[in-house]
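Here is a short briefing on two places in this structure. Please keep the sequence and the 3D view open while reading.

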Amino acid sequence: MVYKKRIDDRGFEETRKIEAKVGVIPRADGSAYFKIGDTWAYAAVYGPRNLYPRFLQNPKKGILRCNYNMMPFSGSGERVRPGGSRRSKEISLVTEKALIPVLNLDEYPNSVVDVFIEFPQTNAGSRCAGICAASMALADAGLEMKDLVAAISVGRVDDKLLVDLDYAEEAYEDVPVADIPVAVLPNSDKISLLQMDGEISKDELKKLLELAKKTCKDIYEIQKKALKAKYVKEKVE
Amino acid sequence: MYEEGLHNHIVKLLKAGVRLDGRKLLDYRKPIKVEYGVSKTAEGSARVHIENTDVMVGVKMEVGEPYPDMPDQGTIIVGAELTPLANPNFELGPPGIDAIELARVVDRGIRESKALDFKKLCIKKGEKVWLLLIDIIPINDDGNLIDASALAVLAALKDANFPKYDEKTEKIDYKEKTDKKVELTKEPIAVTVVKIGDSFIVDPTTEEEKVIDTRVTISTKKDGSLCAIQKGGDMPLTSDEIMQMVDIAIEKAKELREVL
């Protein structure tokens with residue numbers, strides 16, 4: 001056993017510090033940011049609005065379109081080339097899939113709900129932070145929703161099971177590591193994002209899924225609090 | 001309309017324990033055939049048939065510079081092209097999202113299982129490393145491209161020989177293959193488990209793929225440990241369902257492992 005203590009002294013099942021706020025982009029129909037440690041996601045929602053070109057329209061239901069993008073200066077290594085990569089396209093896709101179950105897209109035929117997710121800085125866990133921010137922004141836009149979506153990465157370093165891996169942990173060398181981003185619909189406990197890379201046993205995966213659900217409940221409380229905070233404040237003014 | 005009817009029909013059939021083509025829910029189409037060395041120009045190649053699904057994979061090798069953060073490691077680069085050759089719904093042009101996902105899921109299975117020791121692809125630290133360029137081209141798409149492609153990539157890597165490389169002139173002689181093989185220490189097998197209605201199936205046909213609720217691709221090693229997972233599809237899953245799907249994948253991987 002090599003990994004006895006986390007690099008930043010956190011408990012193994014503890015997330016980095018989380019800060020969430022909605023209504024941060026006034027021009028958007030809904031918006032939010034979600035910070036977890038040094039990873040910082042902004043999300044803006046535009047729509048439901050008309051979808052062009054028209055051949056993309058679906059007369060039976062609206063479509064959700066997400067775009068995940070790292071700002072060129074937001075990676076820990078070299079400059080991230082603007083314009084999207086294969087990685088960002090795939091993450092956009094899984095983000096859509098993570099959010100679709102909570103929306104009632106049947107309500108918006110021929111329309112699109114656009115979600116733009118941008119990162120001023122990142123230190124791992126960006127797709128999960130993006131999903132947390134996006135689900136808050138969708139709620140802020142006033143869309144009918146069945147639930148919020150909370151997301152967190154869980155995983156392992158050596159024989160320790162961890163919550164919210166940072167970059168140094170993801171890249172830990174010479175011991176087995178696994179990174180598992182998970183999105184949870186907190187009210188039904190269902191999982192809408194699941195990816196994994198690394199090395200893990202079936203039993204460990206089972207334990208980690210439970211850990212992810214538990215952590216997402218806590219994140220859900222933070223998201224709800226942030227959503228309420230916007231309107232409580234407006235009432236006072 | 002057609003798809004809604006098809007969904008209801010398939011759900012009803014699956015409840016009764018039958019598939020459109022008469023298979024049981026957790027049966028792969030048989031036989032699964034693997035051909036090696038299907039392209040003479042490639043350094044390694046293979047072709048996998050799962051009945052009508054037919055996927056060709058070729059490996060080309062180049063010498064290039066390593067990534068600055070991994071100066072002593074070569075790497076693999078997996079691409080996929082879904083051309084209209086294999087399915088009329090595929091379009092010409094740069095890879096779309098389906099092709100990108102396919103390539104990345106297969107890439108992750110190989111990379112994360114540590115099937116290849118990337119350090120062994122190093123020629124000169126910080127300057128020269130081998131790059132393994134792996135391309136997946138379906139010839140005929142009748143569903144389950146992910147599992148077929150992952151299998152074909154593994155087979156193509158097993159088939160590959162390094163070409164002759166002259167360190168003085170820094171040139172590769174592609175005409176001359178050496179005896180040096182790519183060392184594969186592990187063989188990750190991808191199994192995609194699909195949920196339609198309340199039933200789990202494996203190896204869907206294109207007709208079944210039209211009505212998928214959720215799919216989870218799980219790559220496992222011989223010892224039953226997992227090395228990559230990707231969930232697709234629009235419906236969420238409970239963790240119990242996920243664990244059931246993992247069990248199915250581990251069991252089915254044993255079968256696929258035998259065809260290599």
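Asn123(A) touches Gly37(A), Asp38(A), Thr39(A), Ser76(A), Asp166(A) and Tyr167(A), leaving aside residues up to four places away in sequence. The model is predicted. The points below cover the setting of Asn123(A), then strand 12 of chain B and its pairings.

**Asn123(A)**

- Asn123(A) sits in a loop of chain A, between strand 5 (111-121) and helix 2 (126-140).
- Asn123(A) counts as partly exposed because it has 19 C-beta neighbours inside 10 Å, and a buried residue needs 20 or more.
- Pro109(A) is 14 residues from Asn123(A) in sequence, yet the two C-alpha atoms are 38 Å apart in space.

- Strand 12 of chain B spans residues 226-233.
- Six of its eight residues are buried, so the strand is largely enclosed by the rest of the structure.

**Strand 12 of chain B: pairing with chain A**

- Strand 9 (residues 190-200) of chain A runs antiparallel to strand 12 of chain B, and four bridges join them.
- Asp197(A) has Ala228(B) as its bridge partner in strand 12 of chain B.

**Strand 12 of chain B: pairing within chain B**

- Strand 11 (residues 214-220) of chain B is also antiparallel to strand 12 of chain B, with seven bridges between them.
- Strands 11 and 12 of chain B form a hairpin with five residues between the strands.
- In this hairpin, Gly224(B) takes a positive phi near 85°.

Definitions and conventions
Residues numbered from 1 in each chain as written. Chains lettered and ligands numbered in written order. Predicted model: local features only at pLDDT ≥ 70, side-chain atom pairs only at ≥ 80, totals over all residues. Helix = DSSP H or I, 4+ residues; strand = E, 2+ residues; numbered from the N terminus. Buried ≥ 20, exposed ≤ 12 C-beta atoms within 10 Å, placed from the backbone. Contact = placed C-beta atoms within 7 Å. Pairing = 2+ DSSP bridges.
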